[in-house]
Amino acid sequence: GNIYNRELYFSKAAKYFQQGALLAQQLGDEPAFRNIQWLTANALLEDGKFNEAHTAFLKLLETHEAAGRYEEQVRTLEKLAETCLDLSNFKKAVDYYLKIKQLAERKKDTTTAATALNNLGFTSNRQQDFQAAVDYFTQAEVIYAAKPSAKTNYVYTNLAIAYNNLGESRLSLQNLQKADNGLDDKSYVQHLIASIYLKNKDIYNALKYNELAIGSAKKSKNMQVECDAFEAASQIYTQLFEYDKALDFYK
């Protein structure tokens, strides 16, 4: 099962894991059984068999809940939420993330609670409920701000995207400026800032930040951002009527 899993033959991996789980159960080896159940569910998820994966993770969750295993419950709930997102069942994904948040709060595990809030924000964004996304990301920011962490920068970025989706460009830019201060690779944030300025027809600032994004992306070898920034540059130069430069960036 592990060999097929490593070589990305997930359907065959799941088949052998299922046989292994049955054998572990017959031998009464409960820890091995739980471990192979986890491997089986993940292989089904990777194979795109989302309903089967959900059922497998749900059975595993019941086992962990009965034994009161906190970390295993959180890990399995995260997988259940991921499976629901793959099925576009956003409501159920929200339920799972809220359950993680409640478990974490009972354990006073602020890091896990903040991660759950962050995931709730992403899920709300996918549902196009941008106000809910802002609310969840703001709650996550409060937790991270109380115990400084590099992740705070990513929460600021997420907040900025949610505010931008709400049409709140000023608040979006404020959060992106905060995020820009603490990141090693600033290219993505600089590109987002340029995109917002471009959307608001502030061509001078759009050009300024897009040039910074290109320089940062080259330095960090972030080819995706570099590509996106080249496309933005072509749009900027088109609006400046500098069509030769626009064509160069398209190329």
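Modeller: A residue is called buried under 20% relative accessible area, exposed over 50% and partly exposed in between, using a 1.4 Å probe and protein chains only. Ala-32 has a relative accessible area of 24%, so it is partly exposed. The model is predicted: local features need pLDDT of at least 70 and side-chain atom pairs pLDDT 80 or more, while totals for chains, interfaces and linings use all residues. Residues are numbered from 1 along each chain as its sequence is written, and side-chain values use heavy atoms, without hydrogens or water.

The part I take is α3, the helix of residues 30-46, in which Ala-32 lies. Helices here are DSSP runs of H or I with at least four residues, strands are runs of E with at least two, and both are numbered from the N terminus. At the start of α3, a side-chain oxygen of Asp-29 comes to within 3.3 Å of the backbone nitrogen of Ala-32. That pair is judged as a polar contact (N or O atoms within 3.5 Å, one able to donate a hydrogen and the other to accept it within protein, with sequence-adjacent residues counted only if both atoms are side-chain atoms). Beyond the other end, just after α3, Gly-48 has a positive phi of about 80°.

Between its first and last C-alpha atoms α3 reaches 24 Å, close to the 24 Å expected for its 17 residues at 1.5 Å a residue. The expected span is 1.5 Å times one less than the number of residues.

In contrast to Ala-32, which is partly exposed, the buried residues of α3 are Phe-33, Arg-34, Ile-36, Gln-37, Trp-38, Thr-40, Ala-41, Asn-42, Ala-43, Leu-44 and Leu-45. They pack against α1 (2-6), α2 (10-27), α4 (50-67) and α5 (70-86). Contact means heavy atoms within 4.5 Å. One partner of Trp-38 is Thr-76, which also touches Phe-57, Leu-60, Leu-61 and His-64, residues up to four places away in sequence being left out. Thr-76 lies in α5, and its relative accessible area of 0% is why it counts as buried.

At least two residues of the lining come from each of α2, α3 and α4. By class the lining has five nonpolar, five polar and two charged residues, with Ala, Val, Leu, Ile, Met, Phe, Trp, Tyr, Cys and Pro as nonpolar, Asp, Glu, Lys and Arg as charged, and the others, Gly among them, as polar.

Now the rest of the chain. There are 14 helices and zero strands. The C-alpha trace spans about 75 × 40 × 30 Å along its principal axes. Of 251 residues, 45% are buried. Contacts between residues at least 6 apart in sequence join residues at least 24 apart in 46% of cases.

Ala-32 and Ala-217 are 185 residues apart along the chain, with 45 Å between their C-alpha atoms. Ala-217 is one of the buried residues of α12, as are Asn-205, Tyr-209 and Asn-210. Asn-210, in α12 (203-220), counts as buried because its relative accessible area is 2%.

Just after α12, Lys-221 has a positive phi of about 60°, although Lys-221 is not a glycine. Lys-221 sits in the loop between α12 and α13 (223-239) and is exposed because its relative accessible area is 69%. Ser-88 likewise has a positive phi, near 60°, in a residue other than glycine. It belongs to the loop between α5 and α6 (90-107) and, at 47% relative accessible area, is partly exposed.
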